[in-house]
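Subject: Handing over the structure, with notes

Dear colleague,

I am passing on a structure for you to look through, and I have written down what was found in it. Please open it alongside these notes and go through them slowly.

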Amino acid sequence: MALRTGRWAPHIALVGTAVAALSLSTSAQQPAPQERPTFRGGISLVEVSAVVTGDDEQVVVGLTKDDFEVLEDGERRPIASLRFLDATRAGAPPAATAPLPRGTRLDEVVTNRDLADAPAFVLLLDDLNISAYDSHRAIRAGLGVLGAMPPDALVSVVNTSGEGGALVTLGRPNQGHVERVQAFRGQLVMVGAELANPMGIATTPSSVDAPCGVGSEVVNSPDCADPTRAARRARALQAVGELFSRTGSRRKVLVWVVTDMGVSPLDPQGNQQAQFAGLQRLLGGDVTVYAIDPQENAVSIPGPNGGMGRPDRRTGGRVRMGTGATTFQGPGGSMMTLGTDDMVRVPLTQIARDTGGRWIQNANNVEKLAAEVVRQNLASYVLAYESVASAIEGRHRIEVKVKRRGAKVSSRRAFIVGPPSAAPAAPPASTDVATARLREVIQGGVPFGTLALRAHVAPQFATDGPARALVTVRVEPDTAVDAESIDLLVLAADDTGKVGSVERFAMRRPSTADAWEGSITLTLEPGQYQLRVAASTPDGQRTGLLLHPIDMRTPSGALVLGVPTLLGEDADGVRPTLARAFPPGHPLAYQVEVAGDAVREARAAVRARLLDATGKDVREVVAQTELSGPSRLRATGVLTTDGIPAGAYTLLVEAVDGEKGRTSAHAIPVRLEVGAVGVPSASRVVSSASEEPASAPVGEAGTAAPSATTPPAPRTLTPLSVATGPLARTARRGPLVIRTEAEWMTFWRTLPTRQAAPNIDFDRVTLLAVVAEDGPPVTPRITRVTTEPGGIVVEWTATPLAEVPASAEPPRPFVVVGLTDVAGSVRFVRVP
């Protein structure tokens, strides 16, 4: 939040913002578990997803309840329902794009439509344990998973170290997932001989799982320096299980690229507890685990001085200790093998077996096998059976059988019921029913909804301090046909679950020709974030949730092109739009940021080309540019489509380094369709290259920066109350504007309080204050804030005090409010 407020000082009221700060940490913000439907004699339903394949490894279709049999703890249980989910059927064809230059990034407009039954995959890359030597094979496995993913599936790419278990973003496959896999580098699990063995004695290193100090190089192993590493890896499994437990009935698959389960000789108990908790959560969430070892074989491969090699670990079974070859004792002179079952409570073989998956080792074609894992899990059966053991503490066996010759079933084989735990504390009551409802929706773990949403995110480049991300949201009209308004809550949280920005606003029903569309600006520090957009009708009958990752990057020296935003125009001015279909002759307007050394040295240019379906240039135009920082510029351009026939096209926006000839490109598929409506013209945007599509302030949506030629109608803004009180000892009287931290602290010190001043984000917030003037005691009050060309107008009034308190110091009441994203001048007007 931009304003962080609290309660202080007996005679000063401090009012918080409309939406309290939210936390997405898995420990504190999990929704209360839903009660299972209860049946006769304490019977409850347990759901199990199952993949059934035949002798040809193809999915068997057309099965009914009569074809299945479920045994719980060896006893046959009645099957209550059966559903067949198939993501292999061809969905809507993706927007056609022309052949594109290599490295071109495709437009990412994300949606939550038609995701109720989509299979969900989490690709977990174990960067806490995979050697740097095997990173290339881990990348190949990850790309194999993504390459086999259909457009209608859900996927998340996470690392065991990077996410920390607090944040996992499930969304449709996109280029960002590919880039995250390609950026994987693993960890060097052994140090080099030149560091631990300066004499150059040729020895084979011990396993890094051996107790610290055993062997020639083990003293520098990660397990010795970080005894909790193995437990943190196991807790990543628990976090994935937590996520999947909130994603409803669907096929849920964890593809874990990992060399072994890992042990910690310095913290075996913590490691065992974490492993069991991870398995328990995976089984409870009905998650199928496929573990893929990226190593080509299981032997230790010595490096250049006989020391830099892969450890010889045996998952959950054996660990080699000592040196395999020494100068004095010869080959294998002091090698011994120890059992580690006392250290590993849940080996990978058990996780894969119990969840119905596989533990894949010694594979030369990891990308092919990984792709096959995805394909075999795209079609599944979800069956619910009547359980008598779902409330009995302990481990319970599940066996799913199919009455077909040669049929094989992949499903979980157990679930674990833990001891009863205390009910989670109820969230604080909210007098705002709509906000409370949106907070409940936004805590979901997977995009869903009867309100279909689309979103587009255009992050600005962060160089020094926070930067902005322009978020455009559209509610699909066919899902909001009878709604007069839609409430929305938008937030961005980092990988730890800490909320970096949150906004609450509403969309009013547009005219027939316009879309349910609006934009806001989130102010965020550099880093990775998860965007969450929650929507609800006022009666709460229809809701929707959309998730999408945001990368607030700091540009390097290379030429970097940001995410272009298409622009439209209406009575309120220029605004971002999610429309991708336009009538022939409609101008295509866009805005984009470019950064890098080429900008600083004034050799960067931006152009747009319109390509037909064959990749042939139809039209080209150079954009107008204006510097927005030392190494950043903003480009605005309009490409006309007069005389171009209807059909599928690609708008290719390119940044060009004029000296080195390098380009960075972003492609936006568009269609020219006769009869396309709902996209106002944006031709006037070219009149001002510096025009920036502004976000809609809290309480309004669909508004944007004013036109450069026609002044827009005044808009009423909603300020946020910050502080009021009976006495300010400042020498300033009347209205004042506070724009910096120093000015705020100077004002705060004039108040009769010892409480610390509220933290204000002055990169985004402007404070407006009014202090009672000399004369009869009055209470100032800001009554209205509206826009005007070049700035805002603040109307305020003063009412006489009904009762003057007896004190040695005469009262001098004050009021302070905050406004986000104020640009231009501030004009105060006192009204009666």
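The notes below take the nonpolar core, then a helix beside it in the discussion, and then the salt bridges.

Please keep in mind throughout that this is a predicted model.

In soluble globular proteins, nonpolar side chains tend to be buried together. The largest nonpolar core in this model has 36 residues, and those with the most contacts inside it are Val-122, Leu-237, Leu-254, Trp-256, Met-261 and Ile-351. Among the elements that give two or more residues to this core are the strands S8 (120–125), S9 (154–159) and S10 (252–257), together with the helices H5 (229–244), H6 (268–284) and H7. The largest share, 7 residues, comes from H5.

S8, helix H1 (residues 135–147) and S9 make a right-handed β-α-β unit. S9 is mostly covered, with 6 of its 6 residues buried: Leu-154, Ser-156 and Val-158 point one way from the strand, whereas Val-155, Val-157 and Asn-159 point the other way.

Helix H7

Is H7 enclosed or open to the outside? Because 6 of its 8 residues are buried, H7 is largely enclosed by the rest of the structure. The buried residues are Leu-348, Gln-350, Ile-351, Ala-352, Asp-354 and Thr-355, and Ile-351 is also one of the residues with the most contacts inside the core. Just after the helix, Gly-356 takes a positive phi of about 90 degrees.

Salt bridges

Side chains of opposite charge can pair when their charged atoms come close.

Asp-354 forms a salt bridge with Arg-395, the closest N and O atoms being 2.7 Å apart. Since Asp-354 lies in helix H7 (residues 348–355) and Arg-395 in strand S18, the pair ties together parts that are 41 residues apart in sequence. Asp-354 counts as buried at 4% relative accessibility, while Arg-395 is partly exposed at 43%.

The side chains of Asp-67 and Arg-404 also meet in a salt bridge, at 3.9 Å from N to O. Asp-67 lies in the loop between strands S2 (44–53) and S3 (68–72), and Arg-404 in the loop between strands S18 (394–402) and S19 (408–410), so this pair ties together parts that are 337 residues apart in sequence. Here Asp-67 is buried, with a relative accessible area of 14%, and Arg-404 is partly exposed at 37%.

A further salt bridge joins Arg-830 and Glu-773, at 3.3 Å from N to O. The pair links distant parts of the chain, 57 residues apart, with Arg-830 in strand S48 (residues 825–830) and Glu-773 in the loop between strands S44 (765–771) and S45 (778–788). Arg-830 counts as partly exposed at 47% relative accessibility, and Glu-773 counts as partly exposed at 34%. Finally, salt bridges that share partners join Arg-607, Arg-609, Asp-617 and Glu-654 into one network.

With best wishes

Technical notes. Residues numbered from 1 in each chain as written. Predicted model: local features only at pLDDT ≥ 70, side-chain atom pairs only at ≥ 80, totals over all residues. Heavy atoms only, no water. Salt bridge = Lys/Arg side-chain N within 4 Å of Asp/Glu carboxyl O. Helix = DSSP H or I, 4+ residues; strand = E, 2+ residues; numbered from the N terminus. Buried < 20%, exposed > 50% of the residue type's maximum accessible area, 1.4 Å probe, protein only. Core = buried A, V, L, I, M, F, W, Y, C linked by side-chain atoms within 4.5 Å. Right-handed = clockwise from strand over helix to strand, strands pointing away.
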